[in-house]
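I opened this one to see what holds it together. Notes follow the order in which I looked things up.

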Amino acid sequence: MNTNAAEVEAADAGTTDAGTTDAGTTDAGTTGAGDSSQAWLGDALPDVPLTKAQSRVVEVIARNPQLSSYADIAEIAQRADVNSSTVVRAAQHLGYRGWPDLQRELRSRYLVMISTEDTLTEHGEHRSPLHDALNHDIENLRLTLDSNTADDAEAAIAAMAAAKSITVVGIGSFAGPASVMAHLGATMGYPISLENRGGVHLASSTNTLGEGDVLVVINMWRSVRQIIVAAEAAKQAGATVIAISDMRRGRLAAVADHLLVVASEGISFFQSVTAANSLVYGLLAGMEAAHPERSRAAIRRTQQLWKDLDIYLD
């Protein structure tokens with residue numbers, strides 16, 4: 001059973017704590033999450049009516065950035081004086097699939113709030129950097145799997161399969177998965193290009209996008225203003241925007257026609273792109289399956305060019 005399913009079962013089976021009104025209506029004095037949240041949360045918690053018990057959960061989250069980003073569900077429940085199923089229901093009421101999905105969003109925002117150097121302190125020392133990194137990425141992959149549905153992925157694949165052109169944007173570390181998508185997409189015959197620079201290069205590569213075109217934006221950790229402005233302009237011109245991000249809400253999520261959420265925390269001062277790469281591989285497999293004959297013909301031509309250009313030793 002995956003974590004999300006287990007949480008839902010716990011929420012269905014559990015009872016509310018004595019004195020809480022989680023299953024009932026909101027009290028007159030209860031406000032939505034927007035009034036309780038602090039600046040670090042941004043728009044992570046929407047302004048929706050909350051019960052007394054849910055309001056206590058939100059208060060714990062808002063007042064304790066580090067705790068809510070890393071504590072397990074039992075500690076959040078204890079701090080809020082509710083049970084774990086109430087925390088699950090609160091997360092779902094706020095628009096998330098469960099506590100892990102909400103906590104992934106909170107952690108993404110917390111890591112933006114602290115300095116790059118402070119992330120080293122946050123992550124602490126490693127007994128084995130290699131094994132710790134691998135184990136952490138296993139968790140990132142699990143969170144990413146739980147954060148996206150098959151329908152989410154299929155909708156993004158269908159948009160790219162039907163596109164006149166695809167432009168993939170990613171800079172810095174996140175140019176890695178962007179480069180993988182553009183390279184392998186072109187190998188299978190898609191009209192796809194990579195933009196891994198900013199400024200005038202970004203403007204030139206996106207200024208012609210419009211109806212029938214797709215812009216794929218890969219942006220995690222700190223939101224890059226130039227990329228988001230370019231995405232907003234492309235959307236306004238009629239292009240379809242696909243966002244791969246570690247935040248479910250925010251300016252990039254708001255402009256996206258299709259949003260795919262990945263976990264990106266690393267074990268050092270840098271973010272991990274492992275989950276983003278795996279998600280890109282899944283999209284590419286779907287793109288190949290959408291046009292199998294064209295893809296295989298393009299792959300054969302590419303392999304022949306490798307041979308003609310004498311690229312490889314064997």
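**Ground rules**

I am working on a predicted model, so I kept the cut-offs in view: local features need pLDDT of at least 70, side-chain atom pairs count only at pLDDT 80 or more, and totals for chains, interfaces and linings use all residues. Numbering starts from 1 along each chain as its sequence is written, and side-chain values use heavy atoms, with hydrogens and water left out.

**The sheet**

I started with the strands (DSSP runs of E, at least two residues; helices are runs of H or I, at least four; both numbered from the N terminus). Five of them make an open sheet, in the order β2-β1-β3-β4-β5, with parallel pairing. Pairing here requires at least two DSSP bridges between two strands. At the edges I found β2 (192-195) and β5 (258-261), each pairing on one side only. On average, neighbouring strands are turned by 15 degrees against each other, direction ignored.

Then I looked at what sits on the sheet. Helix α12 (residues 199-206) packs on it and touches β1 (165-169), β2 and β3 (213-218). The direction of α12 makes about 160 degrees with that of β2. For such angles, axes are lines fitted to C-alpha atoms (for helices, over the stretch in contact), and values run from 0 to 180 degrees between N-to-C directions.

I picked Ala243, which lies in strand β4 (residues 240-245). Is Ala243 buried or exposed? Ala243 is buried, at a relative accessible area of 0%. The scale I use is buried under 20%, exposed over 50%, partly exposed in between, with a 1.4 Å probe and protein chains only. Across the strand pair, Ala243 stands opposite Leu259 in β5, and β4 and β5 pair in the parallel sense over four bridges. Leaving aside neighbours within four places in sequence, I listed the contacts of Ala243 (heavy atoms within 4.5 Å): Val217, Leu252, Ala256, His258, Leu259 and Leu260. I also checked Ile228, which is 15 residues from Ala243 in sequence and 10.0 Å away in space, C-alpha to C-alpha.

**Cores**

I searched for nonpolar cores, meaning sets of buried Ala, Val, Leu, Ile, Met, Phe, Trp, Tyr and Cys residues joined through side-chain atoms within 4.5 Å. The largest has 61 residues, and Ile166 and Val216 have the most contacts inside it. Helix α15 (residues 274-290) gives the most to this core, with seven residues. A second, separate core of 16 residues includes Val169, Ile227, Ile228 and Leu252.

**Two helices**I compared helix lengths with the expected span, which is 1.5 Å times one less than the number of residues. Helix α9 (residues 129-147) has 19 residues and should span 27 Å; its end C-alpha atoms are 26 Å apart, which agrees. Buried residues in α9 include His136, Asp137, Asn140 and Leu143.

Helix α10 (residues 150-161) has twelve residues and reaches 16 Å from its first C-alpha to its last, close to the 16 Å expected. Ala156, Ile157, Ala159, Met160 and Ala161 are buried in α10. What do the buried residues of α10 pack against? I get β1, α11 (175-187), β3, β4, β5 and α15.

**Salt bridges**

My last search was for salt bridges, counted when a side-chain nitrogen of Lys or Arg is within 4 Å of a carboxyl oxygen of Asp or Glu. The whole structure has 14 of them.

One joins Asp43 and Arg109 at 2.9 Å, N to O. Asp43 is in the loop between α2 (33-36) and α3 (52-63) and Arg109 is in helix α7 (residues 99-113), so the pair ties together parts 66 residues apart in sequence. Asp43 is partly exposed at 36%, whereas Arg109 is buried at 8%.

Another joins Arg63 and Glu59, with the closest N and O atoms 3.1 Å apart. The two are four residues apart in helix α3, about one helical turn. Arg63 is exposed at 57%, and Glu59 is partly exposed at 27%.

I also noted Glu288 with Arg296, where the closest N and O atoms are 3.9 Å apart. Glu288 is partly exposed at 23% and Arg296 is exposed at 52%.
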